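Welcome, and thanks for taking a look at this one. Here is a short briefing to read alongside the coordinates.

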Amino acid sequence: MHRWSQVFIPTLREAPADAEVASHKLLVRAGYIRQLGAGIYSFLFLGNRSTQKIMRIVREEMDKIGQEFYLPALNPREIWEASGRWSVMGENMFRLKDRKGADLCLGMTHEEIMTDIARKELRSYKQLPQIWYQIQTKFRDEPRPKSGLLRVRQFTMKDSYSFDIDAAGLDASYQKHHDVYCRIFDRCGLKYVVIDAHSGAMGGSQSQEFMVRTPAGEDLVVSCAQCGYAANLEKATSKLAPVEDLQPEGDGKPLEVHTPGQKTIEEVARFLGVSPKNKIKTLAMMISAEEPERGTTRIPTKWEPGPVSRAVVVLLRGDHQMNEVKLSTALGGKDVRPMQEEEILALFHSPAGYLGPLGVDWAKNMEEPRKPILLVDKALEERVNLIGGANKENYHVKNLTPGKTFHPTAYVDLRSVNAGEPCPNCGAALRIDTAVEIGHIFKLGYKYTHSMGATVLDRNGKEVAPIMGSYGIGIERILTAAVEQNNDENGFWLSPAIAPFEVVVVSTNSSDEKIRTAAEGIARQLEESGYDILLDDRDERPGVKFKDADLVGIPFRINIGKKVTDDTVEVVQRSTLHKEDVKISAISEYFKRLRQMPT
RNA sequence: CGGGACGUAGCGCAGCCUGGUAGCGCACUUGCUUGGGGUGCAAGGGGUCGCGAGUUCAAAUCUCGCCGUCCCGACCA
């Protein structure tokens, strides 16, 4: 049993001026954490108890499907060179030198180290599948740490890696992680959604993120309340209401119209008396055609113009917005930037405001090198008689039909979904929320086993690379997300499973002998029944103790006051502030029942 | 990396413009008081005013440089 009078719980009446989001303010005020530097936090007594409990849950569940390792956070450069990520990780990786001048880094993730063990030790398909996990400190030199514990430079991650002989095996390992993650987050008392995430350009075939909705979140989640569809904004699609196409004008061939001074979609649409939905939005972009050099320490952080850049032109429906991540993914993960004025003139021979697809020699397909790429959003596929720029100042063109009057390099989904658009599955209105990512499961494929040369013999005696998955949970983010999800102006409340204590026993008057001994007795009794108890035995006024108890995240409180003469105490549930009188003799029984309840 | 703000006691802030004894609330210590929602009274302790230069008889205050933190953007396995 812990006595408040003897432990260190530095609660604050006021939050530091730096703190903006609820979890940051409250975790500092409740004495869970203190800041050491930008994105660097110390965990004090309560904070550590809570994260330790989270880790225990993670271990219990992960042990059902895998084996716990413990890998070094200090990594030699060579291992990261082997996968090519020494340079890819760029400035996000903390780097240092040892006394001999050798390069080292602090691990941001552990695919390399795990794959190194696999390539040295795994010999036969008979040893597969393997699921290896660890709970480890990760270091990432974030460009902008923020929001308290939400985006930090040092944090604890449960990361696991699966090795399977084939794709079916990976499917099974992936599914096991999915199910175990759900159990972990359920046990932590979180409300979360599992969303489809874009798996990036690195050959990953499937990826899902576990997200907790909160206004403090940095990610955007598109979801449907009716059918449960949920996806990252970078992946989400929507069904579109049909659009009535325009009738062809004249002979149906592209027809130039004079649109003096009309540049924006809205201006042109109004000028010509049509809807923006019948207009083409033309976006001129540039990509770098070259990957950063491997095996060097040169970190290309910025767009570098030069002969390697290549034009990419995107056509969207007039009222749609482009999603840059979708575009980048469609281009194999390359960085994209808007064209400069001179580049626009060079390609279109026209100033911006009148750009369109005609008169440019587009690449016929994605494989064709060097020629400018014309990507047309899927919402324009099958559409006819659209209006776009004429590549001539003060002129637009009618009767544009993709595939007929011009030929796209490819049709790709490139637009961002808007809230309220129909769900792609069921047609109900989609919602968009900000959310925090607490877990991520990812089918890696052969990226690391190939690049690092890990192989086993299959049943035919042939050398094959195992297929991998990687899976992560942010330990502190579970705590942070829980606080974001359950708080009010007086504090927050955690699920008993992850709260530093399950019950705080408050003696309302420590100078009253009867009250004090009753509080001691109840605390001891509950502790013997297996509960984590904090006894507030401080010589403080009741108001002070109540305020503190409400602040620090403990889900239940027992007030011991004047009613002890009646053998009665008061149990308060923090989440609802519901109060109930309970006989002292019935207190253990009462909590046995409460423990099953959601908080 | 671009834009903005801030840095004075553990926390929240004033003082700076107009240079001259470093202040307030909370917290802390001691005593009394009070005892169901941050009691009241009294007496105390605690500050390299982020760091370094410069101007000046004199710098928290003016000038320059640096560092740190936060916010917006860029970025984010």
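In this predicted model, one helix pairing brings Ile-57, Val-58, Glu-60, Glu-61 and Met-62 of H2 into contact with His-177, Val-180, Tyr-181, Arg-183, Ile-184 and Arg-187 of H6. Sorted by class, that H2 contact with H6 comprises six nonpolar, one polar and four charged residues. A second topic is RNA strand B, which has 39 residues around it.

**How the two helices pack**

- Helix H2 spans residues 45-62 and helix H6 spans residues 167-187; their axes come within 10 Å and cross at roughly 150°.
- Angles over 145 degrees count as roughly antiparallel, so H2 is roughly antiparallel to H6.
- The crossing of H2 past H6 is right-handed.

**The surface near RNA strand B**

- Ala-17, Arg-140, Arg-151, Asp-550 and Glu-570 are the closest residues to RNA strand B.
- By class, this surface has 20 charged, ten nonpolar and nine polar residues.
- At least two residues each come from strand S2 (33-37), helix H13 (542-551) and strand S31 (556-560).
- H13 contributes the most, with seven residues.

**Contacts with the RNA**

- Of the RNA strand B atoms within 4 Å of the protein, 48% are in sugar or phosphate, and the rest are in bases.
- Arg-144 places a polar side-chain atom 2.6 Å from a phosphate oxygen of RNA strand B.
- For Gln-35, a polar side-chain atom is 3.0 Å from a phosphate oxygen of RNA strand B.
- Ala-38 uses its backbone: an N or O atom there lies 2.8 Å from a phosphate oxygen of RNA strand B.

Technical notes: Residues are numbered from 1 along each chain as its sequence is written. Chains are lettered from A and ligands numbered from 1 in the order in which they are written. This is a predicted model: local features need pLDDT of at least 70, side-chain atom pairs count only at pLDDT 80 or more; totals for chains, interfaces and linings use all residues. Side-chain values use heavy atoms; hydrogens and water are left out. Axes are lines fitted to C-alpha atoms, for helices over the stretch in contact, and angles run from 0 to 180 degrees between N-to-C directions. Helices (H or I, at least four residues) and strands (E, at least two) are DSSP runs, numbered from the N terminus. Angles under 35 degrees count as roughly parallel, over 145 as roughly antiparallel, 65 to 115 as roughly perpendicular and the rest as oblique. A crossing is left-handed if the near helix is turned anticlockwise from the far one by less than a right angle, and right-handed if clockwise. Contact means heavy atoms within 4.5 Å. Ala, Val, Leu, Ile, Met, Phe, Trp, Tyr, Cys and Pro count as nonpolar, Asp, Glu, Lys and Arg as charged, and the others, Gly among them, as polar. A residue is near a molecule or strand if one of its heavy atoms lies within 4 Å of it. A polar contact is a pair of N or O atoms within 3.5 Å; within protein, one must be able to donate a hydrogen and the other to accept it, and residues adjacent in sequence count only if both atoms are side-chain atoms.
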